[in-house]
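User: I have a model open and want to learn how to read it. Can you take me through it feature by feature?

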Amino acid sequence: MSEERESTISASSNHHNSLRFLELSLRLVATPLCAASLWLTVVNKQTSDSYGNVAFNNLSGLRYLVCINAISMAYSAASTLFCFFKCFDRDWILLIVDQLVAYLMVTSGSAAAEVLYLAREGDRKASWSEACSYFGRFCDRIKGSLALHLAALLSFIALALVSAYRVFSKFEAPSVSTTKEAAEVDQ
């Protein structure tokens, strides 16, 4: 009987360690991805003799992307440090903030993708012509930044799933009762 119990404890410990390793790896991966996307957007500027210059701070969608990447990078680095300390029960906090950051990254990626789409295709109804033929390097860097942002977003989605598993695995599943059992309880 004790061998079976020790086996269960050992399997649970191995599962906990592999989950902790996965969480730490995802947090460590997200930090440089956010930093690279941030850097690629901030240094992105191009000048055209005919049309002037363009930089990320000229476009609100890209400014929003930069802000969210900075927040995501800082949170990812801070949460990596939290993984090493066990001074308080952090699981609920990490679950909520992981999801919040993932949602913010979705919105900022969408805003930047809209800017890129309008730069590539233009909007004839609004009389906006496409700009990527004049600012091709700028558009290519935004595309690269969006790819890095998407990779960081996928890391945060995976982190949200790991955090949710960690929190909700502490509770047992609710029991399913049949209608006959429920009727007996009511009487």
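Analyst: Start with one residue. Leu146 has a relative accessible area of 15%, so it counts as buried, the cut-off being under 20%. Leu146 sits in helix α4. Keep in mind that this is a predicted model.

User: Which residues is Leu146 in contact with, leaving aside its neighbours within four places in sequence?

Analyst: Gly109, Ala112, Ala113 and Leu116. Leu146 and Ser110 are 36 residues apart in sequence, yet their C-alpha atoms are 9.4 Å apart in space.

User: Now the overall layout. How many helices and strands are in the chain?

Analyst: The chain has 5 helices and 2 strands. Read from the N terminus, the order is α-β-β-α-α-α-α.

User: What share of the residues counts as buried?

Analyst: 35% of the 187 residues in the chain. Look at contact separation too. Take the contacts with a separation of 6 or more: 80% of them join residues 24 or more positions apart.

User: How do I check the length of a helix, say α2?

Analyst: Compare the expected span with the distance between the end C-alpha atoms. Helix α2 covers residues 60-84, which is 25 residues. At 1.5 Å a residue it should span 36 Å, and its end C-alpha atoms are 37 Å apart, so the two agree.

User: Which residues of α2 are buried?

Analyst: Gly61, Leu62, Leu65, Val66, Ile68, Asn69, Ser72, Tyr75, Ser76, Ser79, Thr80 and Cys83.

User: What does Ser37 touch, not counting residues up to four places away in sequence?

Analyst: Asn69, Ser145, Leu148 and His149. Asn69, Ser145 and His149 are also among the residues where α2 meets α4. Ser37 itself lies in helix α1, residues 2-42.

User: Is Ser37 buried or exposed?

Analyst: Buried, because its relative accessibility is 0%. Compare Ala151, in helix α4. Ala151 has a relative accessible area of 29%, so it is partly exposed. Ala151 and Ser37 are 114 residues apart in sequence and 9.7 Å apart in space, C-alpha to C-alpha.

User: Last feature: what describes a pair of aromatic rings?

Analyst: Two values: the distance of the centres and the angle of the planes. In this model the count comes to 2 aromatic pairs. One of them is Trp92 with Phe168, at 5.7 Å centre to centre and 85 degrees between the planes. The cut-off for edge-to-face is over 60 degrees, so this pair is edge-to-face.

User: Where in the chain do Trp92 and Phe168 lie?

Analyst: In distant parts of the chain. Trp92 is in helix α3, residues 91-121, and Phe168 is in helix α4, residues 136-168. They are 76 residues apart.

User: How do Trp92 and Phe168 count by accessibility?

Analyst: Trp92 has 40% relative accessibility, so it counts as partly exposed. Phe168 has 47%, so it counts as partly exposed.

Definitions and conventions. Residues are numbered from 1 along each chain as its sequence is written. This is a predicted model: local features need pLDDT of at least 70, side-chain atom pairs count only at pLDDT 80 or more; totals for chains, interfaces and linings use all residues. Side-chain values use heavy atoms; hydrogens and water are left out. Rings of Phe, Tyr and Trp (its six-membered ring) pair if their centres lie within 6.5 Å; planes under 30 degrees apart count as stacked, over 60 as edge-to-face and the rest as tilted. Helices (H or I, at least four residues) and strands (E, at least two) are DSSP runs, numbered from the N terminus. Buried means under 20% relative accessible area, exposed over 50%, partly exposed in between (1.4 Å probe, protein chains only). The expected span of a helix is 1.5 Å times one less than its number of residues. Contact means heavy atoms within 4.5 Å.
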